[in-house]
Amino acid sequence: MTTDDDHPSAPFGRALCAMVTPFTGSGALDLDGAQRLAERLVAAGCDGLVLSGTTGESPTTTDAEKSALVAAVREAVGGRAALVAGVGTADTRHTVELARAAERAGADGLLVVAPYYSRPPQDALEAHFREVADACGLPLALYDIPGRTGTRIEPDTLVRLAGHPRIVAVKDCSYDLLGTQKVLARTGLAYYAGCDEQILALYALGATGYVSTVANVVPGLFRAVLDAFDAGGTREAACLQRRALALIEPVMAAGLPGTVTTKALLGALGLPSGPVRAPLRPADRETTEGLLKAYRELTAGAAQFQA
C-alpha cells in the first residue's frame, strides 16, 4: 500500500481515482484493459484506485467479476498503489460477503456506501458498518452520499464509528461543510473529497485528499492542486481547481452519470473503457464531441495533464 509520509493520516494515500471498469465490445469484463488503465493512472500520480465503486458500475458487475478485477489490478500495479474495493450494497449480509472476497483477492481497503433505498435509521446504519468492519481485517472508508442513497451518515454517527479500529476514512459527498468540519474536529478520520468541484475546499479544511472520477482522464491535474497547496501556492492551487471546472462540469454535471461521460471520453482518447452496461446507455456523438473539446481546451499547453 502506498501512503505519503507528509500525510500520516492518509490510509490510502491522497490522490485516489474512482476507476471505471473497462468492458469489451460485447460487454464482458476486460481485465487486460483494466490493467492498462490502472498502470496509466498510477504512473500519472494516483496513490490509490477505487475499484467497483459506482463509477466502476458495481450495480451491474457480478461478485466474481469484482474479485477478478481486484486480483488483476493488483497484479498490474503491485504495491505501488492502494486498492480500495467498493463492497457496499443495500444488504448487510451481501456486503460482508463482498468484503471478505475483496480481502482474499488482494484489496488494501474497502469502500462501504450507506445502504440505499431502504433508508435505515442511524442506529441500524451504525450497526451495518460495524458488522462489516468486524467481518474482515481491512480498513474501511465509509461513503456518505445521501443524494444517491437517501440516507445521510450523520456527523454524530461518524464520530461514534470513528472509535472502531478499522473504520478509518470517509468519502464525502454530503455537500455539508459544517458537518464535515464537525467530524474533522472530533475524530481522526481521514476525509476524501468525493465531489471533484470540492477537492481544494475540503483539502483546505483538513481533508486528506480525494476520490475523483474525472481523474480517470486527467490523473495529474488534481494531484497538482494538492501539491501546489502543500507548497504554499494557494493561489496556484485555486487557479488549477477552477481550471478543472471546464472538464468537471461536462463530465459530472451535464445530466448523465459520470460513468457514461468518462467512458465516452476515455474511448474517444483511445484509452480502455468499452461500453456501459444497461440500464446505462452510451453518450451520443454530440455529447462525446463536447467532452473531447473540453478536454483539449483544458489540457492545451499542459502536457502533464494530457492522456
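His-128 is buried in this predicted model, with a relative accessibility of 4%; buried denotes under 20% relative accessible area, exposed over 50%, and partly exposed the range in between (1.4 Å probe, protein chains only). The residue belongs to helix α4, which spans residues 122-135. Helices (H or I, at least four residues) and strands (E, at least two) are DSSP runs, numbered from the N terminus. Beyond its neighbours within four places in sequence, His-128 is in contact with Thr-89, Thr-92, Thr-95, Val-112, Val-113 and Pro-115, contact being defined by heavy atoms within 4.5 Å.

Residues are numbered from 1 along each chain as its sequence is written. Because the model is predicted, local features need pLDDT of at least 70 and side-chain atom pairs count only at pLDDT 80 or more, whereas totals for chains, interfaces and linings use all residues; side-chain values use heavy atoms, with hydrogens and water left out.

Thr-180 is part of helix α7, residues 177-186. Setting aside neighbours within four places in sequence, Thr-180 touches Asp-172, Ser-174, Tyr-191 and Leu-202. Its C-alpha atom lies 9.8 Å from that of Gly-206, a residue 26 places apart along the chain.

**Nonpolar cores**

A nonpolar core is a set of buried Ala, Val, Leu, Ile, Met, Phe, Trp, Tyr and Cys residues joined through side-chain atoms within 4.5 Å. The largest such core comprises 85 residues, and those with the most contacts inside it are Met-19, Leu-49, Val-73, Leu-110, Phe-129 and Leu-247. Another core, of 18 residues, lies apart from it and includes Val-113, Ile-145, Tyr-192 and Val-211. As for Val-73, residues up to four places away in sequence being left out, its partners are Met-19, Ala-34, Ala-38, Leu-49, Leu-51, Gly-78 and Leu-83.

**Pocket and cavities**

Grid points are joined across faces, edges and corners, and a volume is the space filled by probe spheres set on the points.

The largest pocket holds about 1,100 Å³ of space. Its lining consists of 43 residues, of which Thr-54, Thr-55, Tyr-143, Ile-145 and Arg-148 are the closest to the centre. Two or more lining residues come from each of α2 (63-77), α3 (92-105), β4 (109-113), α5 (146-149) and α11 (258-268). The largest share, three residues, is supplied by α5.

Two cavities of 30 Å³ or more are found in the whole structure. The largest cavity is lined by Ser-52, Lys-66, Ser-67, Val-70, Ala-85, Gly-86, Val-87, Leu-98, Ala-101 and Ala-102. Elements giving two or more residues to this lining are α2, β3 (82-86) and α3. Around the second largest cavity stand Phe-12, Leu-16, Val-50, Val-84, Leu-111, Ala-141, Lys-171, Tyr-192 and Val-211.

The table gives volumes and lining classes. Ala, Val, Leu, Ile, Met, Phe, Trp, Tyr, Cys and Pro count as nonpolar, Asp, Glu, Lys and Arg as charged, and the others, Gly among them, as polar.

| Space | Volume | Lining residues by class |
|---|---|---|
| Largest pocket | about 1,100 Å³ | 19 nonpolar, 17 polar, seven charged |
| Largest cavity | about 70 Å³ | six nonpolar, three polar, one charged |
| Second largest cavity | about 50 Å³ | eight nonpolar, no polar, one charged |

**Cysteines**

With a disulfide taken as a pair of cysteine sulfur atoms within 2.5 Å, the model contains zero disulfides. Cys-17 is in no disulfide, the nearest cysteine sulfur being that of Cys-46, 5.1 Å away. From the side of Cys-46, the closest cysteine sulfur is that of Cys-17, at 5.1 Å, and this is too far for a bond. Cys-17 is buried at 0% relative accessibility, and Cys-46 is also buried, at 3%.

**Backbone geometry**

Most residues other than glycine have a negative phi, and most peptide bonds are trans. The peptide bond from Ala-278 to Pro-279 is cis, with omega near 20°. Pro-279 sits in the loop between α11 and α12 (285-299).

Tyr-117, which is not a glycine, has a positive phi near 70°. Arg-119, likewise not a glycine, has a positive phi of about 55°. Tyr-117 is in the loop between β4 and α4, and Arg-119 is placed in the loop between β4 and α4. Tyr-117 is exposed at 77% relative accessibility, and Arg-119 is exposed at 58%.

Notes:
On a 1 Å grid over the protein atoms alone, a cavity is a set of points where a 1.4 Å probe fits but cannot get out, and a pocket is an open set with protein on both sides within 12 Å along at least five of seven lines; lining residues have an atom within 4 Å of a point.
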